[in-house]
Amino acid sequence: MGSSFANIQLKAAEALSVEQMCQAITELMEKNLFEKVEEPEDRSIVISWDGSSPWLTIYDELSDDGDQDILDALAKALSLKLGTHAVSNSVYDSDLLNMKLFNQGKCLDMFVNDIDAYNKYSKHKRKRQGAPSKWALLREGIVKEQVTGIWQGETVFAEDILWDLSKLFGWNTDQSCTGYRYKRDEGWSAGDYVLHFRDKNPIGKLFQEDGPTHLELVSYQPYLDCSTKSEETTYFSYSNTGQSAVGISIMMWGSAISSNCLESMEACMVLHDGARVAGQMEDIELHYPDQPDKPDKPFLGKMLRFDELVLPAGVTLLREASTPREMTEILERNSHSRILMKYTFKPVNSGVYEWCFSVRPNTEILNGVTHAIKVFIDIPEEEGKALKRELGFYV
């Protein structure tokens with residue numbers, strides 16, 4: 001059996017220190033609900049750098065098992081945050097080499113050594129190995145013919161190509177041709193900086209009620225009746241009864257998401273003055289922590305972020321008003337502390353599904369609210385009524 005590993009090569013700015021690099025990774029991980037801890041837990045990321053080269057190596061425990069999406073996401077995020085070049089490298093069983101080039105968060109090109117092997121497992125079919133002129137920009141003095149010569153050279157193992165490319169680009173060859181597990185088994189060296197993180201996935205008993213910000217679900221539909229023949233819309237309203245918060249993140253999961261039965265989903269937040277704010281939505285992987293009855297295998301979820309939103313301090317009970325004017329002021333202030341979420345989507349698969357939500361303020365990630373609804377798609381009326389009664393809905 002051949003070698004399989006993954007790493008990221010990151011071009012560091014001249015003034016960048018190891019401490020700044022660790023801080024950048026920690027901030028990115030916190031944004032994705034990972035908390036830095038002292039001992040190994042759910043995920044470890046290692047920076048290998050002696051400071052003598054403009055390139056450093058990053059190993060990610062989660063992407064070392066061949067998860068290209070996680071590896072690419074980290075490389076892209078670091079490239080954007082630090083305004084530099086990053087390359088994600090993956091070797092699969094010494095047969096396939098996959099390299100993706102990023103600059104300031106944008107993917108410039110991808111290289112694969114074996115197009116036929118890549119097309120067998122990927123839904124994105126390729127016709128060529130890559131664009132050598134874009135890779136030649138990684139080091140001054142390189143011409144595209146040098147890159148092409150390595151790409152088309154005769155080699156036995158995929159990592160041999162990576163070795164030759166690492167020498168051409170000025171990477172540390174030993175570091176760029178290995179992965180997290182191999183490094184860990186050999187033992188960390190003086191130039192390895194290991195960061196450990198705990199997964200603060202909101203699925204499970206994470207939220208607490210005694211924090212400074214209190215998000216509450218004000219109104220929602222317990223179930224949706226949908227048809228594959230039309231576009232559907234649903235609304236959820238939340239209220240903040242605690243302190244102000246900056247940024248709102250919404251995670252969605254459940255069979256309605258993992259089965260991809262809600263296509264073309266768009267979501268926006270409707271503010272108290274009618275203004276609509278579109279969030280940044282992305283696919284993510286989730287899992288159920290500390291729940292042995294749930295599968296360990298990660299599953300598909302979605303993350304919706306409103307990072308710049310400022311949620312004012314919470315609502316006040318109307319009975320606290322002593323005059324009509326105070327009541328008017330309270331009503332106005334309360335309206336500012338509420339948010340209305342609008343989801344528009346196209347159902348595509350018939351059946352009964354579960355759609356789960358967790359809504360949390362970014363500044364107080366434990367003070368959120370979770371809820372779930374049932375989605376009935378193309379279910380006949382009488383059958384739907386029977387199912388709803390069985391599930392405890394009043395119909």
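Where is Asp 378 found? Asp 378 sits in the loop between β19 (369–377) and α11 (381–390); helices (H or I, at least four residues) and strands (E, at least two) are DSSP runs, numbered from the N terminus. What you're looking at is a predicted model, where local features need pLDDT of at least 70, side-chain atom pairs count only at pLDDT 80 or more, and totals for chains, interfaces and linings use all residues. Residues are numbered from 1 along each chain as its sequence is written, and side-chain values use heavy atoms, with hydrogens and water left out.

**Confidence**

- Mean pLDDT for the protein is 83, and 83% of its residues reach 70 or more; pLDDT is the predictor's confidence in each residue, from 0 to 100.
- Residues 202–210 have a pLDDT below 50, and beyond near neighbours in sequence this stretch has 27 contacts in the model (contact means heavy atoms within 4.5 Å).

- Asp 378 is partly exposed, with a relative accessible area of 31%; buried means under 20% relative accessible area, exposed over 50%, and partly exposed in between (1.4 Å probe, protein chains only).
- Asp 93 also has a phi near 55 degrees, again positive and again not a glycine.
- You'll find Asp 93 in the loop between β5 (85–92) and β6 (96–103), and at 32% relative accessibility it counts as partly exposed.
- Most residues other than glycine have a negative phi.

**Helix α5**

- Helix α5 covers residues 144–151, and its buried residues are Val 147, Ile 150 and Trp 151.
- Seen down the axis of α5, these fall within an arc of 100 degrees, so they line one face of the helix; the arc is that of the directions from the helix axis to the C-beta atoms.
- Their cover includes β7 (106–112), α4 (132–135) and α6 (158–169).

**An open sheet**

- An open sheet is formed by 5 strands with antiparallel pairing, in the order β9-β11-β17-β13-β14; two strands pair if DSSP finds at least two bridges between them.
- At the edges are β9 (215–219) and β14 (276–278), each pairing on one side only.
- β9 and β11 (residues 232–240) pair in the antiparallel sense over 4 bridges.
- Ser 219 has Ser 237 as its bridge partner in β11.
- Strands of a sheet pair through backbone hydrogen bonds.
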